[in-house]
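Hi,

Here is the structure I said I'd pass along. Have a look at it first, and then read on for what turned up.

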Amino acid sequence: VGMDVVRTSRPPSRLEGGGFMIKDILAAFSMKELDPFLLWHELPKKEHQRGSFPGGPMHPHRGFMECPYTKLMTSSDGRSMSTLTKNRVKAGGVEHKLSPEPGTFELGKVGVGMEHEMLIDESWSGSLHAFQLWVNLPNANKFDAPYFQNAAPSALPSVTLDGGATAKLGGQSGGPQRCY
């Protein structure tokens, strides 16, 4: 089943979080066209010099599903990213510490609210490439308790479509079911 391309655009770049560059992939579309999607950001693949990536300091969210995907995260000197990152989520009175690795997908139902941060040690240099999609929750679920689940790359089913393989982040289509 094919899909028609409605229009194409070049996503604008802008500073986000603590001052890092993102591409706002859905900026050219109206909220009416996107519903239920709120935003889709790409943190473009880039080699960062020591101390140049500010990260995202602690900040709040409420009323949507957040779906970040870490495509690439390496350290120039070979150190483990789990020792160089400080990723925390505070939700429902509980604090979760996260250690993203390349291929990690997180599904977060923000609902009534949460706070989170992603900070990287100032001594880090390396490559980073990530995406973040936000999906609006129905009004009836805006105050639901928060829920988070991280999926390591090994937990994401792989599906072959038209000769290429892809990791299935969610939903059902041609093969293994989603990881959550």
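A quick word on terms: I call two residues in contact when they have heavy atoms within 4.5 Å. Also, keep in mind that this is a predicted model.

Now to S75, which sits in the loop between strand 5 (64-73) and helix 2 (81-84). Is S75 buried or exposed? Its relative accessible area is 13%, and the cut-off for buried is under 20%, so S75 counts as buried. Residues up to four places away aside, S75 touches M81, L84, W124, S125 and G126. The S75 side chain also makes a polar contact with the side chain of D77, at 2.7 Å.

As for the whole protein chain, there are 2 helices and 13 strands. The radius of gyration is 17 Å, which agrees with the value near 16 Å that a compact globule of 180 residues would have. Buried residues make up 36% of the 180. Of the contacts between residues at least 6 apart in sequence, 71% join residues at least 24 apart. The chain exposes about 10,700 Å², with carbon and sulfur atoms supplying 54% of that.

Cheers

Notes. Residues numbered from 1 in each chain as written. Predicted model: local features only at pLDDT ≥ 70, side-chain atom pairs only at ≥ 80, totals over all residues. Heavy atoms only, no water. Helix = DSSP H or I, 4+ residues; strand = E, 2+ residues; numbered from the N terminus. Buried < 20%, exposed > 50% of the residue type's maximum accessible area, 1.4 Å probe, protein only. Polar contact = N/O pair within 3.5 Å; in protein donor to acceptor, adjacent residues only side chain to side chain. Rg over C-alpha atoms; globule rule 2.2 N^0.38 Å. Areas by Shrake-Rupley, 256 points an atom, 1.4 Å probe, with all protein chains shown as cover.
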